[in-house]
Amino acid sequence: MDRATTNGVSPIDPAELKKRLAEGDKLTIIDVRTPAEFESVHIRGSYNLPLPLLSKNPHDLAERISGQAVLICQSGVRATQAHQRLAAVGISHASVLTGGIAAYEAAGGDVIHGAQRWDMERQVRMAAGSLVLLGLAGAKLITPKLGYLSAAIGAGLTFSALTNSCGMAALLAKMPWNRTAADPTVEDAFNSIPTAPQQF
């Protein structure tokens, strides 16, 4: 079934994905969140391929997937970035889950829960907000120069919106609390994804 595209991205809504999986459609569901986020909650049968690994090796994924793929993250932002990386190497049969895994779970989709952690987008909001408050308080109580910290965070968020990227998320992803006991290597992540033809 053809679906409308938004900025070149072919979306699939949670209800449709839930229905197709229940009907036995064999979709390759690729979760581009961090391993820690994936461990916290993921769609049953999905594969974890963190966005940094996918971004560095899009051709490897292109060689493994011949059928329909569905890209997911927490809300859809990182999945859209993954879609752009794949489109650049010729993969046109990938969809992005609208609203991410949060929307899928809210729609009653089948998910698996593990150790609970804050998702990356929540961590970014917490870190950015804390740094802005620190800069404002420091500028008032210590030295006005600390006000530049708040300005820098504001500039960073603006740049993030304009480029649809997030350097703070990349930094936070390297923190110990965002790592798992067995973070996948490039080889492990790609080898976990089946190469058999699949149909949408």
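In this predicted model, the largest nonpolar core consists of 20 residues. Within this core, the residues with the most contacts are I30, V32, L49, L54, L61 and L71. Two or more residues each are supplied to the core by α3 (51–56), β5, α5, β6 and α10. For I30, when neighbours within four places in sequence are left aside, the contacts are Y47, L49, L61, I65, A69, V70, L71, I72 and I193. A second core of 12 residues is separate, and I12, I29, L97 and V111 are among its members. In soluble globular proteins, nonpolar side chains tend to be buried together.

The sheet is open and has 5 strands in the order β1-β6-β5-β2-β4, paired in parallel. The edge positions are taken by β1 (10–12) and β4 (47–48); each has a single partner strand, so one side of each lacks a neighbour in the sheet. Strand β2 (residues 28–31) runs parallel to strand β5 (residues 69–72), and 4 bridges join the two. In this pair, I29 is placed opposite V70 of β5. Helix α1 (residues 14–22) packs on the sheet and touches β1, β2, β5 and β6 (94–97), with its direction at about 70 degrees to that of β1. Helix α5 (residues 77–87) lies across β1, β5 and β6, and runs at about 135 degrees to β5.

The protein chain has a mean pLDDT of 81, with 86% of its residues at 70 or more. Among its elements, the mean pLDDT is highest for α1 (94) and lowest for helix α10 (residues 186–191), at 72. The pLDDT is below 50 over residues 1–7, a stretch with 14 contacts in the model beyond near neighbours in sequence.

Methods:
Residues numbered from 1 in each chain as written. Predicted model: local features only at pLDDT ≥ 70, side-chain atom pairs only at ≥ 80, totals over all residues. Heavy atoms only, no water. Pairing = 2+ DSSP bridges. Contact = heavy atoms within 4.5 Å. Axes fitted to C-alpha atoms, helices over the stretch in contact; angles between N-to-C directions. pLDDT = per-residue confidence, 0-100. Core = buried A, V, L, I, M, F, W, Y, C linked by side-chain atoms within 4.5 Å. Buried < 20%, exposed > 50% of the residue type's maximum accessible area, 1.4 Å probe, protein only.
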